[in-house]
Amino acid sequence: MSLKFRRVLLGAGAVALLSAGVMAWQPGTGYRQADAATDYQQLQKFSQVMEMVRQAYVEEVSDEKLIGGALSGMLSSLDPHSTYLDKDMYKQMNVDTKGEFGGLGIEIQAAEGGIRIVSPIEDTPADRAGIKAGDLIIKIDDELARDMSLFEAVKLMRGKPGTSIVLTIFREGENAPMEVKITRAIIEVKSVKGDMLAPGYAYLRVTQFQQPTVTLLSKKIRELKKRAGGNLSGAVLDLRNNPGGLLNQAVAVSDLFLEKGNIVSTKSRAGKSLSFDAQPGDILQGLPLIVLMNNGSASASEIVGGALQDHHRAIVMGTKSFGKGSVQSVVPLNDGTAIKVTTALYYTPSGRSIQATGIDPDILVEQVALKKDDQAKSSLPSVSERNLKGHLENGNGKKGNKSKKAEAGEGPSDAMKERLELDTQLQRALDLLRGLHALRG
């Protein structure tokens, strides 16, 4: 299989669901089994071809390059997520999972005719330059992207912070390609963000599952509770365009909201199958929770969405998720390289695999592109009985309104207010939270 469907986070391959170390696969056991079954005729064939290439190729080529290429082809032929990591790639991957790396801030995958942008990472140069999910990169500076492997593209797009690069992209709905100049920067991915959607309603955004994600998310929830005067009424957990990350962080984030029960299980052929259960304690104490997902929600974010959906702990809203239901283990080799190989499939608590199918939302809400002018037109003042001259009073006096009482505490920031005006999925999530709160009384 070619690299056609391989997905790569610019800077490394942190998009895959990575188990911590080799927890899902014991390479020694697998190696002995493979060794016993090896067809030595095939190894001899490999050796002959390598020797012929070494002697007859038009240019002198090193054994290291030949072996590296062979290993890369071997892993890539298995599935879209297994790969051979040379020294630079392995080093960069370790940097990525810690939340900081150099580049433009986009996640990409190979596609027909070029390199497809899966999603820009928030608050990065690519995001600020207006790059959108689904854009097709057809040229990187003066080089055609259709002739590149993903890693060749990544190497071109990396560079010293402050230097610029021009991407020529084709966007669906546009008549002609457009050039976008982007200045490289050190990408510091903030995996957790948060704000108030309205007084009493928290917004929690997880952009990737990295080493400190669960710690940062717990801290953010405590902070928002304080802003709400200690009286939250519900929360939205936004996992849209979250490409995944570390398995242990996905398990820990799910555990934050569950009192008990299974979170996820993995089944592998050569290694030990694993199962992860929740520990007592729900950080929101059963308050209504909405999980937002879309086609850019993959891997670890699908574990969280699937677990909370199966336990009826949250309502999943948005659109169908990406559908990556496999687990990769990273195995370092003695020379500083490594292999990342798919070792298991994972299953949600109800026993379903979402591999190549994704998670269907409980409530389907498509994102609708709105402009501020549209919002202004729909915000015309309404007229009611109280606006009529001489209207009668209702006799309730100054008794408080229950819904207003529930929305005590600090409100959203100006940035969140602007976002709410344009984000229709988030608007529907807040509406549903308010409805659920009203039903609870």
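**Reading the salt bridges and the folds around them**

Analyst: Arg205, Asp238, Arg240, Arg419 and Asp423 are linked in a network of salt bridges, a salt bridge being a side-chain nitrogen of Lys or Arg within 4 Å of a carboxyl oxygen of Asp or Glu. This is a predicted model, in which local features need pLDDT of at least 70 and side-chain atom pairs count only at pLDDT 80 or more, while totals for chains, interfaces and linings use all residues. Residues are numbered from 1 along each chain as its sequence is written, and side-chain values use heavy atoms, with hydrogens and water left out.

User: Which residues form salt bridges with Arg240, and is Arg240 buried or exposed?

Analyst: Burial is read from relative accessible area: buried means under 20%, exposed over 50%, and partly exposed in between, with a 1.4 Å probe and protein chains only. Arg240 is buried at 5%, and its side chain meets that of Asp238 in a salt bridge of 2.9 Å, N to O. Asp423 also forms a salt bridge with Arg240, with the closest N and O atoms 2.8 Å apart. Because Asp423 lies in the loop between helix 12 (414–422) and helix 13 (424–440), and Arg240 in the loop between strand 13 and helix 8, this pair ties together parts that are 183 residues apart in sequence. Asp423 is itself buried, with a relative accessible area of 6%. Helices (H or I, at least four residues) and strands (E, at least two) are DSSP runs, numbered from the N terminus.

User: How many salt bridges does a search of the whole structure find, and where do Arg227 and Asp195 lie?

Analyst: The search finds 16 salt bridges. In the one between Arg227 and Asp195, the closest N and O atoms are 3.2 Å apart, and the pair links distant parts of the chain, with Arg227 in helix 7 (residues 213–227) and Asp195 in strand 11, 32 residues apart. Asp195 counts as buried, at 9% relative accessibility.

User: What is the order of the strands in the open sheet, and which are the edge strands?

Analyst: Two strands pair if DSSP finds at least two bridges between them. Here an open sheet of 6 strands has the order 11-12-13-16-17-20, with mixed pairing, and its edge strands, each pairing on one side only, are strand 11 (192–198) and strand 20 (363–364). Strand 11 runs antiparallel to strand 12 (residues 201–206), to which 6 bridges join it, and Gly194 stands opposite Leu204 in strand 12.

User: What is the phi of Asn241, and where is Gln285 found?

Analyst: Asn241 has a phi near 55 degrees, a positive value in a residue other than glycine, and lies in the loop between strand 13 (234–238) and helix 8 (247–257). Gln285, likewise not a glycine, has a positive phi of about 50 degrees and is found in the loop between strand 15 (274–277) and strand 16 (289–293). Asn241 counts as partly exposed at 30% relative accessibility, whereas Gln285 is exposed, with a relative accessible area of 69%.
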